[in-house]
Amino acid sequence: MPEKNILKTLEASLPPILFNILVDTGRIASTLGLKAYGVGGFVRDTLLGRKNLDVDIVVEGECYPVVDGLMERYGLMEVIRHERFLTAELYLDSYRIDIATTRKEEYPRASLPQVVPATLREDLSRRDFTINTLAVCLDPERFGTVVDLCGGLKDLEAGIIRVLHKESFTEDPVRIPRAVRFALRFGFRIEEATEALMVEAIEGGAPREASGRRMLDELVNIFEEERRWQIVERLFDAGLFNALVDGFDNPEGTLSILRKGEAILGWYEGIRKEEEVEQWFVYFLCLTDSLEGDALRKLSCWLDVGGKRRLLAIEKRDEAIGALEAIEKDPEDRVGIYEVFSSCPLELVLYIAARGSPVVEGAVRLYIEELMDVRPILTGRELKGLGLAEGPRMGEILRLVFREKLEGRLQTLEDELRFVKDLIEKG
Ligand code: CTP
């Protein structure tokens, strides 16, 4: 087969600074008698004509002399080294470049895996799918030549997701959702034997053996994909979620809540850009809608969802849902609506809108558009001016002003002062 060279495509698709770094990396490595390659997603995407600025480089032998050479060449480059993993991160302008020594994991008896130097072939062979094993030569003599050691080109052209070996999914179960994510992102199909291994790994309970934190990262990646709900649907069909924890028993309902959640988030972004919500966490709450409280807590703990605000949302979910009955009965009760939602993180409030009836959704919109911003204009200082002393009575009056404001009966400072004077006169 003739050699494939992507020099021109790289030059056209990368910003000049990144392209120059590739050229310089190859040159520096060559001066040191080493060989450098571009690897991973950015090679795959360049071949597919898709933009990808996450440049990953490996150096066969040792990466650090090349890292030092690049630092010298670029002066201001910021570098973080993870020597135990034989990797480094370089930062230049707004770009991040990952450089690693070609490596593999060894499992010395009864101890944690150790990362050790390996050949390029060994490094590529431990990866997830053939389409992710493609490398590009950075050596000045062969710059741009595609290196295909595991059959990646053929699969990339045919649109196939294929694992490299039988244990791939059991060794790293995070590859199960990754396979589906890539298949839908590129419109590829998962090869039959790979699909069978995936099902086998799920049925054998592999997903629960994964690192929860990495599984969560993958979930977040899925939520950022264009065809996210199709990916989630395929993962429901494959039984992935129930392999993590029991209780994902309403896929259709959940998917409709997720889609509704997306619409609500779109509405929210439109009206309140300055107050950010964690989109992925709204989706996470939607995805786990069918779980009982205990299962939700168990899953969240395993995934290491973390964060005070997120844990509060998880803790308050069932209580907040329980309180919706009162809102359904009296959707005009602005104070009641405020009382239910004001103690909930906004992500929880948006999720509640996604899963609730039109009445509940209306209440959420009212809360976000109006009620959550309500604050009395007057302060303790103005109240003192009216002759009130600090103390429980003042607190009580401020609360009453606040309720009147929630009801929409007080607009201006004058309205508030008049209301307070009346209260004082009535005693
Ligand atoms: N990889 C792997 N197994 C995983 C995750 C990653 O073998 N569970 C390998 C793949 O070969 C991948 C490389 O590590 O190409 C880099 O991982 P990542 O940056 O997550 O993958 P990309 O392929 O760049 O994916 P994306 O386009 O979503 O960033």
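Student: Which helix gives the largest share of the lining of the largest cavity?
Tutor: A cavity here is a set of points on a 1 Å grid over the protein atoms alone where a 1.4 Å probe fits but cannot get out, and lining residues have an atom within 4 Å of a point. Helices (H or I, at least four residues) and strands (E, at least two) are DSSP runs, numbered from the N terminus. Four residues, the largest share of that lining, come from helix 10.

Student: Before we go on, what kind of model is this?
Tutor: Residues are numbered from 1 along each chain as its sequence is written, and side-chain values use heavy atoms, with hydrogens and water left out. Local features need pLDDT of at least 70, side-chain atom pairs count only at pLDDT 80 or more, and totals for chains, interfaces and linings use all residues, since this is a predicted model.

Student: How much space lies in the largest cavity?
Tutor: The structure holds three cavities of 30 Å³ or more. Grid points are joined across faces, edges and corners, and a volume is the space filled by probe spheres set on the points. For the largest cavity that gives about 50 Å³.

Student: How does the lining of the largest cavity divide by class?
Tutor: Pro-177, Met-215, Glu-218, Leu-219, Ile-222, Leu-235, Leu-240, Phe-241 and Leu-244 line the largest cavity. Ala, Val, Leu, Ile, Met, Phe, Trp, Tyr, Cys and Pro count as nonpolar, Asp, Glu, Lys and Arg as charged, and the others, Gly among them, as polar. Sorted that way, the lining has eight nonpolar, no polar and one charged.

Student: Where does the second largest cavity lie, in terms of domains?
Tutor: Its volume is about 40 Å³, and helix 12 (240-244), helix 14 (279-287) and helix 15 each give two or more residues to the lining. The domain bounds come from an automatic or database domain assignment. Both of the domains involved give residues to the lining, so the second largest cavity lies between domain 2 (159-244) and domain 3 (245-373).

Student: Now the open sites: which residues are closest to the centre of the largest pocket?
Tutor: A pocket is an open set of grid points with protein on both sides within 12 Å along at least five of seven lines. The largest pocket has a volume of about 2,000 Å³. Of the 45 residues that line it, the closest to its centre are Arg-103, Arg-126, Arg-127, Arg-178 and Arg-214.

Student: Is Glu-191 buried or exposed?
Tutor: Glu-191 lies in the loop between strand 11 (189-190) and helix 9 (192-203). Leaving aside neighbours within four places in sequence, Glu-191 is in contact (heavy atoms within 4.5 Å) with Ile-160, Ile-161 and Arg-162. Buried means under 20% relative accessible area, exposed over 50%, partly exposed in between (1.4 Å probe, protein chains only). At 12%, Glu-191 is buried.

Student: What about Asp-93: buried or exposed?
Tutor: Asp-93 lies in the loop between strand 4 (87-92) and strand 5 (95-101). Its phi is near 50°, a positive value in a residue other than glycine. Relative accessibility is 63%, so Asp-93 counts as exposed.

Student: Asp-304 has a positive phi too; what is the value?
Tutor: Asp-304 lies in the loop between helix 15 (293-303) and helix 16 (308-322). With a relative accessible area of 41%, Asp-304 is partly exposed. Its phi is near 60°.
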